[in-house]
Amino acid sequence: MNEILEVRNLTKQYPGFSLNKISFTLEKGYIMGFIGPNGAGKTTTIKLIMNLIRRDSGEIKVFGLDNIKNELEVKERLGFVYDDNHFYNELTVLEMKKIIAPFYSQWDDGVFKDYLERFELSPRKKIKDLSKGMKMKFSLVIALSHHAELLILDEPTSGLDPIFRSELLDILVEIIQDENKSVFLSTHLTTDLDKIADYITFINQGELVFCESKDELMERYGLVKGGNELLDEELKKEFVGIKQSSYGFTGLTSDIHRARQLFGSSVLIEKASLEDIMLYTVRGGKPCLTC
Amino acid sequence: MFNLLMKDLLIQKKTLGYLLFYIPILLLVFTSTSMEGDIAVVLYATSTCFIVYLLIAGACSYDEQNRSEVFLNSLPIRRKDIVFSKYLSILVYAVFGLTAGILIALIYNVLGLGEPVRYPAVKDLFGALCGAIIIGAAYYPLYFKFGSIKTRLLHVIVIMAIFLIPAGLVWLVEKYSQGTAVNLLTQVLNSPDWLWAVGCGVVIVTILLVSLAGSLRIYENKDIS
């Protein structure tokens, strides 16, 4: 069994928002980027995986185990990093560790000390005196000190400066050098994922858009640029999203080969970034505000 | 569960330190009160209930301020253990409260501030524990359902109801009822101490179990966000 995380037909309804039959899987040894605009349902999905909120229907298996029926066993092997600080502000790093460590049978004080030194975190410093980046690092130290096999990170890089972000991404890459570990990373900063992700799961308005390997996505999606005279209503439907101005159009295609067949050499076809894919998919055919 | 209990004490280390300052304040209140009869019962019950409330509300407030339920429920902990540990903490806080009461009695007696106050007997321990359980049993279901801020207000109402409803019923029976009800009430009020203790014990345990069951039901089904 290679799947470390399996989500099938996951549904959760709130007044005004619903997560609708989301399905994806993550295998051991990979980093999955979980992307979508704010309010797409990323945090809701993570809270469902962590069993912080109750699912209406569907199935979540972590390490092949149901995340509710085997909650303790699953959480023993999970590490989590949330976007906000949830630790007690008045306590020091060491006191916080004293609270958390007894809950994990695999807790390793040696690893904890090593990471504190590496991240230059003082054990005597109070949580409230740590910067946002340091708090995030402390969360990561906790996650790594009990030898978590799956790391779940919810927007860990938001609000961090580029140096911190880069450092975090390097650590994540280092973690999956152990092929039994995986990382599930939600973010709306897609440039982070361009660097490190193996798979991308994209959700929008509670619906799954795709779950694919990043390399395949990069090969399949493309930005098509050309003059407006090349487009008609039928051809516009070929694009995931399209921006038009008086100078011409730029459209995102999910099938570069078909775009080449349709337009030949009359258009310029460029590689699309994850940001392009997200932006065009979310905006669809709506006019761009900046054009 | 023990770890959760230790967690509640560790996050309140400042409050526990402040307890040392509360003792002279309680002593001052106690010495300025001119009460007749066995004032030791009142001293031990008051100090216990006061400190139990302070520590219960304090721990819950720290959890809410730091939104720590999110990280606690992400650890390998069962929700029911979080609830059980809160109820178990009532006992620990009651020990702190009772210790404070004994210290007050000790200082009062050593300084010779009035008629010597006796040290706690079984009935004082029983009374203090009943008070502590009522406070905790009323607090936790409200906290798990509504959070710390709303609970502070609602808790006062529930506690007043718990104490005022029986007194109100006695008053109503005495004023408006005749015959059997009055006889029954007279019999109850004149019951021997042991019967009162058993009756109170049954009522308190029932309140505790109902409260615990309610808290478990609320928290097991709660969305933590």
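**View 1. Right-handed crossing of two helices in chain B.** The crossing of α5(B) and α6(B) is right-handed, a crossing being called right-handed if the near helix is turned clockwise from the far one by less than a right angle, and left-handed if anticlockwise. In this predicted model, local features need pLDDT of at least 70 and side-chain atom pairs count only at pLDDT 80 or more, while totals for chains, interfaces and linings use all residues. Residues are numbered from 1 along each chain as its sequence is written, and chains are lettered from A in the order in which they are written. Helix α5 (residues 79-111) and helix α6 (residues 122-146) of chain B pack at about 140°, their axes lying 9 Å apart; axes are lines fitted to C-alpha atoms, for helices over the stretch in contact, and angles run from 0 to 180 degrees between N-to-C directions. The two helices α5(B) and α6(B) are therefore oblique to each other, since angles under 35 degrees count as roughly parallel, over 145 as roughly antiparallel, 65 to 115 as roughly perpendicular and the rest as oblique. Helices (H or I, at least four residues) and strands (E, at least two) are DSSP runs, numbered from the N terminus.

**View 2. Residues where α5(B) meets α6(B).** Among the residues that α5(B) contributes are B:Tyr87, B:Ile90 and B:Gly97, and those of α6(B) include B:Leu129, B:Ile133 and B:Gly136, contact meaning C-beta atoms, placed from the backbone, within 7 Å. By class, this contact has 11 nonpolar, two polar and one charged residues, where Ala, Val, Leu, Ile, Met, Phe, Trp, Tyr, Cys and Pro count as nonpolar, Asp, Glu, Lys and Arg as charged, and the others, Gly among them, as polar.

**View 3. The open, mixed sheet of chain A.** Six strands follow the order β6-β7-β8-β3-β9-β10, strands being paired if DSSP finds at least two bridges between them. The edge strands β6 (78-81) and β10 (207-213) of chain A each pair on one side only, and neighbouring strands of the sheet are turned by 15° against each other on average, direction ignored. Strands β3 (residues 31-35) and β8 (residues 182-187) of chain A pair in the parallel sense over five bridges, with A:Val183 as the bridge partner of A:Ile31.

**View 4. Helices on the sheet of chain A.** Helix α1 (residues 42-49) of chain A lies across β3, β7 (150-154), β8 and β9 (199-204), running at about 145° to β7(A). Helix α5 (residues 132-145) of chain A packs on the sheet and touches β6 and β7, its direction making about 175° with that of β6(A).

Definitions and conventions
Two residues are in contact if their C-beta atoms, placed from the backbone, lie within 7 Å.
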